[in-house]
Amino acid sequence: QWRSDFVEMMLHHFITSGLVGTSYGFHFTKAGCAILAEQDLADILLPLAKMFNYAKWQKAADAAFATFALLWIPTRHGLFMVIYYSLYAEAPAVLKDVKWDPAN
């Protein structure tokens, strides 16, 4: 029995794999890895909070979830934009040697 969000989860994983491959193909491997690490930083705490909740350790579950909530906003909206700005600012220098012509 598939979960109700199976299609969305598979689509998410295919898109993520495509973005990682694209970052490698355009010589932005460090940026791709930085975005993956930044996106996963807060996500580690949500399953931890769920495990604490299943173990009936409510205070630990609440602390893990609160830490997740506090980290999610600055990492997803702050640090993510810093990485994106870095890509925007440094792209011309990195891509100067890339000869890409969509017509050929």
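Here are legends for close-up views of this predicted model.

Residues are numbered from 1 along each chain as its sequence is written, and side-chain values use heavy atoms, without hydrogens and water. Local features need pLDDT of at least 70 and side-chain atom pairs count only at pLDDT 80 or more, while totals for chains, interfaces and linings use all residues.

**View 1. Helix H1 passes helix H2 in a left-handed crossing.** Here you can follow H1 (residues 6-25) beside H2 (residues 29-43); helices are DSSP runs of H or I, at least four residues, numbered from the N terminus. Their axes come within 7 Å and cross at roughly 150°. That makes H1 roughly antiparallel to H2 (angle over 145 degrees). Axes are lines fitted to C-alpha atoms over the stretch in contact, with angles from 0 to 180 degrees between N-to-C directions. Left-handed means that the near helix is turned anticlockwise from the far one by less than a right angle.

**View 2. Helices H3 and H4 also cross in a left-handed way.** H3 (residues 45-54) packs with H4 (residues 58-95) at about 165°, their axes lying 8 Å apart. The two are therefore roughly antiparallel.

**View 3. Met10 and Thr16 both sit in helix H1.** Met10 counts as partly exposed because its relative accessibility is 32%. Thr16, at 25%, is likewise partly exposed (from 20% to 50% relative accessible area, 1.4 Å probe, protein chains only).

Definitions and conventions: Angles under 35 degrees count as roughly parallel, over 145 as roughly antiparallel, 65 to 115 as roughly perpendicular and the rest as oblique.
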